[in-house]
Amino acid sequence: MNELITSINDAVWGYVLIFALVSCGLWFTWRTRFVQFRMVGEMIRLLTDSAVDTVGEQVKDDDRGGKYHHFRLLP
């Protein structure tokens with residue numbers, strides 16, 4: 001029984017898992033229209049702007065009296 005489990009474990013954690021992960025990564029890249037490459041500029045802009053803007057901007061109140069800065073919490 002132990003040998004059976006070991007052989008299944010070796011098969012799954014070998015080339016099968018690598019193939020599945022690469023396939024899923026390529027599929028998600030295609031379905032999101034290469035968002036991880038298209039939005040690199042936006043990512044850098046958000047990372048650099050947020051460090052500067054959060055110090056100088058005033059925090060606003062939302063409808064429920066709570067505080068938010070860049071996003072609103074859903075009800």
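Colleague: Which residue forms a salt bridge with Glu42?
Modeller: This is a predicted model, in which local features need pLDDT of at least 70 and side-chain atom pairs count only at pLDDT 80 or more, while totals for chains, interfaces and linings use all residues. Residues are numbered from 1 along each chain as its sequence is written, and side-chain values use heavy atoms, with hydrogens and water left out. A salt bridge is a side-chain nitrogen of Lys or Arg within 4 Å of a carboxyl oxygen of Asp or Glu. For Glu42 the closest N and O atoms are 2.8 Å apart, and the partner is Arg45.

Colleague: Why are Glu42 and Arg45 separated by about one helical turn?
Modeller: An α-helix has 3.6 residues a turn, so residues three or four places apart point the same way. Helices (H or I, at least four residues) and strands (E, at least two) are DSSP runs, numbered from the N terminus. Glu42 and Arg45 both belong to helix H3, residues 40–56, and the reason for the separation is that they are three residues apart.

Colleague: Is Arg45 buried, partly exposed or exposed?
Modeller: Buried means under 20% relative accessible area, exposed over 50%, and partly exposed in between (1.4 Å probe, protein chains only). Glu42, at 30%, counts as partly exposed, and so does Asp49, at 28%. Arg45 has a relative accessible area of 39%, so the word for Arg45 is partly exposed.

Colleague: What is the order of the elements from the N terminus on?
Modeller: The protein chain has three helices and two strands. Read from the N terminus, the order is α-α-α-β-β.

Colleague: What is the phi of Arg33?
Modeller: Arg33 lies in the loop between H1 and helix H2 (35–38). Arg33 is exposed, with a relative accessible area of 60%. Its phi is positive, in a residue other than glycine, and is near 55 degrees.

Colleague: What is the phi of Phe34?
Modeller: Phe34 also lies in the loop between H1 and H2. Phe34 is not glycine, yet its phi is positive, near 60 degrees.

Colleague: How many aromatic pairs are there?
Modeller: Rings of Phe, Tyr and Trp (its six-membered ring) pair if their centres lie within 6.5 Å; planes under 30 degrees apart count as stacked, over 60 as edge-to-face and the rest as tilted. By this rule the count of aromatic pairs is three.

Colleague: Why is the pair of Trp27 and Phe28 edge-to-face?
Modeller: The ring centres of Trp27 and Phe28 are 5.0 Å apart. The pair is edge-to-face because the planes stand at 70 degrees.

Colleague: Which residues form one aromatic cluster?
Modeller: Trp30 is exposed, at 60% relative accessible area, whereas Phe34 is partly exposed, at 38%. The cluster consists of Trp30, Phe34 and Phe37.

Colleague: What is the accessible area of the nonpolar patch that includes Met1?
Modeller: Patches are made of residues with over 30% relative accessible area and no salt bridge: like charges are joined within 9 Å, nonpolar side chains (Val, Leu, Ile, Met, Phe, Trp, Tyr) within 5 Å. Accessible areas come from the Shrake-Rupley method with a 1.4 Å probe, and for residues only the protein chains shown count as cover. Met1 lies in the segment before H1 and is exposed, at 75% relative accessibility. Together Met1, Leu4, Ile5, Ile8, Val12 and Trp13 have about 710 Å².
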